[in-house]
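Hi there,

Here is the structure I promised to pass on. Have a look first, and my notes follow below.

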Protein chains: 2
Amino acid sequence: MAVCAALEDDEVGALERIMTSRRLGPNETLVEEGQARTRVFTLTAGMLRLSVALPDGRRQITGFLMPGDYLGLADDEVHSASAEAVEPSALCAFPVRQMEALTERFPKLRDRLHHFTRAALRQAREHQLILGRLAPVEKLASFLVLLSARTVEHRLAPSPVRLPMGRGDIADYLGMTVETVSRSFTKLRNQNLIAMPDPHAIEIVDARALKAVAGLPDHGS
Amino acid sequence: MAVCAALEDDEVGALERIMTSRRLGPNETLVEEGQARTRVFTLTAGMLRLSVALPDGRRQITGFLMPGDYLGLADDEVHSASAEAVEPSALCAFPVRQMEALTERFPKLRDRLHHFTRAALRQAREHQLILGRLAPVEKLASFLVLLSARTVEHRLAPSPVRLPMGRGDIADYLGMTVETVSRSFTKLRNQNLIAMPDPHAIEIVDARALKAVAGLPDHGS
DNA sequence: CGCTATTTTGAGCGCCATCAATTTGGGTGG
DNA sequence: CCACCCAAATTGATGGCGCTCAAAATAGCG
């Protein structure tokens, strides 16, 4: 039972029965903003980006999903964000109808969903702080610190931190331009806070100093 | 039963029994970031601001609460944001312990809470877009449009839109400075999109044009 | 009616977005 | 395996916009 993570005890069987799996290639779209929400998903491998867009094409990435994360926590009838694969990904799909039925039978399942929704809301609020009040280098430092923290939470190889997403994605996540993202990377590297074997791998050289630059209050540990 | 809004049918009685009420003066603090979460609240009158702060004093306001809104949707054990009164306010308080007990007995109550949490998450994501990708005038226009929409949702007098919060609060909500907020107000006024009888009352003169400036995709109506 | 806090307006500068060029990397076919 | 090609990332130069500092005007309040 490694294929679909984040499930537990008795409801596993019931879930397995209604579950289908899905694979996505790089940059493939899973759901589009505004589409009817017919299924919910759990990511089992890879990484997704959630984004909302303006009519003129500007885009804000609201979050990245890592294995074990749920998709569609925020939504009722329609998807409020688009979801695309950053890299080759795999996920489990559950029809919302049947999911709701299971949710009735297994209160624990519902509790867990609610719990994840609250966690997502807290994460979104922290992101608001980053977007609204941090300077570019601070934003990037926060991003690396938080991503690194999530990497260990998800029991993935901690160092170097993998950055599957491109600079454009990071820019749209942090509310800046690609050029500024790149320049901020260079600054952190020149201060020897990080090392960059290649653009998609970051070694955190001085974690304490990086957190200091990030300026975020550390939530635990 | 007008004192505590947003409640329904059979659980009203049970809720009333565990409920206590509380009043706040302007700028009075209700909960502080990091405090243990012992009670949940519903706002019945006035307005609250939710905020998170950086060690160096910078502040991001994550949202404003209007009558009928819940406080503490995002939190488990501790409050992840501070809550202060913008203007004189009144609210109902429920001990979390007893609230959880009621939540067991009345699934509908739990559903409604979960529903509000999802709505808050969607709102936070829209706020992320505003913070990350809009220019100052666009931010302010969005703010006015959304506030106006919420004012009618909450069945309050629609025009002029009341702005109980000061310019500093708006700045910390939109991720800009007081000066830029003020200049943006002036720009909107000079283009005759709004009128400002006084700093805390805005008349939307040209709603369509204001929405165009806001640049947000309209979610319905 | 005078005081203080808030808001608005003003001047100047620094930083980030923009535009542009260069370098690097990844992927494909020879 | 290497050469080539295109996309992605970095670096460079410039200008505009929003932040900072400062002053004036307005509002709110006793």
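This is a predicted model: local features need pLDDT of at least 70, side-chain atom pairs count only at pLDDT 80 or more; totals for chains, interfaces and linings use all residues.

Residues are numbered from 1 along each chain as its sequence is written, chains are lettered from A and ligands numbered from 1 in the order in which they are written, and side-chain values use heavy atoms, with hydrogens and water left out.

Chain A is divided into domain 1 (11–122) and domain 2 (134–214), with bounds from an automatic or database domain assignment. Their centres, taken over C-alpha atoms, are 25 Å apart. Between these domains of chain A there are five salt bridges. In contact (heavy atoms within 4.5 Å) are 14 residues of domain 1 of chain A and 14 residues of domain 2 of chain A.

The two domains of chain A bury about 1,200 Å² between them, 56% of it from carbon and sulfur atoms; buried area here is the accessible area (1.4 Å probe) that two parts lose on being put together, summed over both. On the domain 1 side of chain A, the most area is lost by A:R59, A:F64 and A:M66, together 46% of what that side buries.

**Around DNA strand C**

There are 15 residues around DNA strand C, and A:T180, B:R167, B:S182, B:R183 and B:T186 come nearest (near means a heavy atom within 4 Å).

- A:T180 has a side-chain N or O atom 2.4 Å from a phosphate oxygen of DNA strand C.
- B:R167 places a polar side-chain atom 2.8 Å from a phosphate oxygen of DNA strand C.
- A:E179 has a polar side-chain atom 3.0 Å from a base nitrogen of DNA strand C.

Helix 6 (178–190) of chain A and helix 6 (178–190) of chain B each supply at least two residues of the surface near DNA strand C (helices are DSSP runs of H or I, at least four residues, numbered from the N terminus). The largest share, five residues, comes from helix 6 of chain B.

Best wishes

How values were computed. A polar contact is a pair of N or O atoms within 3.5 Å; within protein, one must be able to donate a hydrogen and the other to accept it, and residues adjacent in sequence count only if both atoms are side-chain atoms. A salt bridge is a side-chain nitrogen of Lys or Arg within 4 Å of a carboxyl oxygen of Asp or Glu.
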